[in-house]
Every structure is written in structure tokens, then in C-alpha cells.
Amino acid sequence: MSKEERKFLEIADLRKGFGSGDTRQEVLRGMSFSVAKGEFCVFLGPSGSGKSTLLNIIGGIDSADSGYISINGDKLEDMDEKRLTQYRRKHLGYVFQMYNLIGNLNVKENIEVGAYLSDASLDIDELLRTLGLYEHRHKLPNQLSGGQQQRVSIGRAIVKNPDILLCDEPTGALDYNTSKEILKLIEDINRKYQNTIIMVTHNEAIKNMADHIIKLRDGKIRYNEINKKKIPAEDLEW
Ligand SMILES: Nc1ncnc2c1ncn2[C@@H]1O[C@H](COP(=O)(O)OP(=O)(O)OP(=O)(O)O)[C@@H](O)[C@H]1O
């Protein structure tokens, strides 16, 4: 991998605080790292360490106080609102702990919502099969299990074939077996579509399936390593 590829996503001395005066809290206190194209990267760290804040800044839905983020050499802070919107639409997919599906649209239609945002979307029927949802495609969200609903939300995020898939605790609301199914799906998607995946999790075991492990504590990076002993999601245990 070339030096440029290693620096597909570059984060440099990122700082972010909330509030002012006595209630001011510095949440990100100077973070620098880079993520390679196609890499599966996890952010670990205790509650309040700034994982979601960092993910939201990478996702362009919050902004840093200083430092920068660049994608393929383009700095987010140099983008005007129009380009930032394009960046979010074209290059980013977001998966949350809660599925946020539209209740009166069926599975296929919920995924199509994501496709409208792109002019280079994936074939929806093929994606439904990859997601294991083809036979459920006419069902409404309330006719699905939690794991199936999360599959739909992953489909909605991935259908525009984003360069980067951001996942914030995607298995946080799921039981052990369903969590593993979802992790296997994310692993398949990473392999098949080669998107860069960044996943925030509390679950230490998930680091074992990642290419790149970043641990945060008190707004700083405490650990930043490439995982040389990566194992399949199937073999994870916790
Ligand atoms: N919009 C906001 N306004 C004020 N404080 C905020 C805001 N967003 C986050 N914070 C604070 O920033 C700190 C870090 O929050 P963040 O959600 O990034 O942590 P986290 O590591 O993702 O935590 P968790 O694992 O519990 O989700 C917390 O103390 C939180 O209260």
C-alpha cells in the first residue's frame, strides 16, 4: 500500500469542546491519525471519551474547533456548504444503533431512499440478496426483527456505494447472535464493495475483526495499531 493510500482519511490535531466558561468541556484534545482506503477501523474507548463526537465530525454533521480532516487530500474545512452536502451524500453512509427506518415504507423502499442520493447506486435486488432481505422486501419495518431492521438501515447506508461507512454502535441494541450476524454482514460488505469502514463500539471483542484499532481516552488517542491477527467475525466471542 502506498503512503497516499494509507492516508485516505487523514485527521490532524483535531480539537473540539462544548459549552463555555466554567461548563466548557474539551472533548477531543488533539487527535491525529490516518485511515487507509478499504480499511476496517474500530474506535474503542470508555463512555464519554469522544468516539461519537469524532465520528460526527468525520461525517460532516458536526465541526471541529481546530485541526483538520481530509479525504483523498481534500480538506473538509475548505469545502463550502454545497460541497460538504455533496461529500455527505456521495461519500458517506451512516449506520446508527437505532435504525431510524421510515415506518410506512417497506424494506425495498427504505433502501431506495438512500439510492435517491446518488447517481451511482448499487443494484437494489442484488443488495437485498446480500443483506438476506430479498424475501422480506415487501414487509414494513414493524414486521421485522431488530436484526432485520438493522440490515435495512445498513442497506440504506450502503446502496449509494459510499467510500466510507460510519457505524455508531451498530450492534448496541442487538443480542449476541444477531450482533454477530450484523458484524458478518458488515465484514462481507467491506470485502465485496471495498468501502472504508469506521465503527464505534463499546465491545472490545470487535477489535479482533478490524484491520485498524484506535482507542480513545479523555479525548486523546491511547492506542493506534494495525491488527496483524485479524480474525473473521464468525470467530468472535464475548
Ligand atoms: N452537543 C453536545 N453538547 C454538549 N456536550 C456534548 C455534546 N455532544 C457530546 N457532548 C459531551 O462530549 C463528551 C463525549 O461524548 P461522546 O458522545 O463523543 O462520547 P462517546 O465516547 O461516544 O460516549 P458513549 O460511548 O457513551 O456513546 C460527553 O461528555 C458528552 O456529554
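Helices here are DSSP runs of at least four residues, numbered from the N terminus. With that in hand, let us walk through this predicted model.

We can start with the ligand. The largest share of the shell around the ligand comes from helix H2, residues 51-58, which supplies three residues. The whole surrounding group consists of Phe 18, Val 27, Gly 45, Ser 47, Gly 48, Ser 49, Gly 50, Lys 51, Ser 52, Thr 53 and His 202.

An unreviewed UniProt entry lists residues 9-238 as "domain: ABC transporter".

Now let us look at how some helices pack. Two packed helices are described by the angle between their axes and the distance between the axes. Take helix H4 (residues 107-115) and helix H6 (residues 146-158): they pack at about 30°, and their axes are 6 Å apart. Angles under 35 degrees count as roughly parallel, and H4 and H6 are therefore roughly parallel to each other. Their crossing is right-handed. On the H4 side, the contact is made by Val 107, Asn 110, Ile 111, Val 113 and Gly 114, while H6 brings Val 152, Gly 155, Arg 156 and Ala 157. By class, this contact of H4 with H6 has five nonpolar, three polar and one charged residues.

H6 also has another partner to follow. H6 and helix H7 (residues 176-193) pack at an angle of about 20°, with 10 Å between their axes, and that makes H6 roughly parallel to H7. The crossing of H6 and H7 is right-handed. Which residues of H6 make this contact? They are Gly 146, Gly 147, Gln 150, Arg 151, Ile 154 and Ile 158. From H7 come Thr 178, Glu 181, Ile 182, Leu 185, Ile 186, Ile 189 and Tyr 193. The residues in the contact of H6 with H7 divide into seven nonpolar, four polar and two charged.

Definitions and conventions:
Residues are numbered from 1 along each chain as its sequence is written. This is a predicted model: local features need pLDDT of at least 70, side-chain atom pairs count only at pLDDT 80 or more; totals for chains, interfaces and linings use all residues. UniProt positions are given in the numbering used here, feature names are shortened, and annotations may be inferred rather than shown by experiment. A residue is near a molecule or strand if its C-beta atom, placed from the backbone, lies within 6 Å of it. Helices (H or I, at least four residues) and strands (E, at least two) are DSSP runs, numbered from the N terminus. Axes are lines fitted to C-alpha atoms, for helices over the stretch in contact, and angles run from 0 to 180 degrees between N-to-C directions. Angles under 35 degrees count as roughly parallel, over 145 as roughly antiparallel, 65 to 115 as roughly perpendicular and the rest as oblique. A crossing is left-handed if the near helix is turned anticlockwise from the far one by less than a right angle, and right-handed if clockwise. Two residues are in contact if their C-beta atoms, placed from the backbone, lie within 7 Å. Ala, Val, Leu, Ile, Met, Phe, Trp, Tyr, Cys and Pro count as nonpolar, Asp, Glu, Lys and Arg as charged, and the others, Gly among them, as polar.
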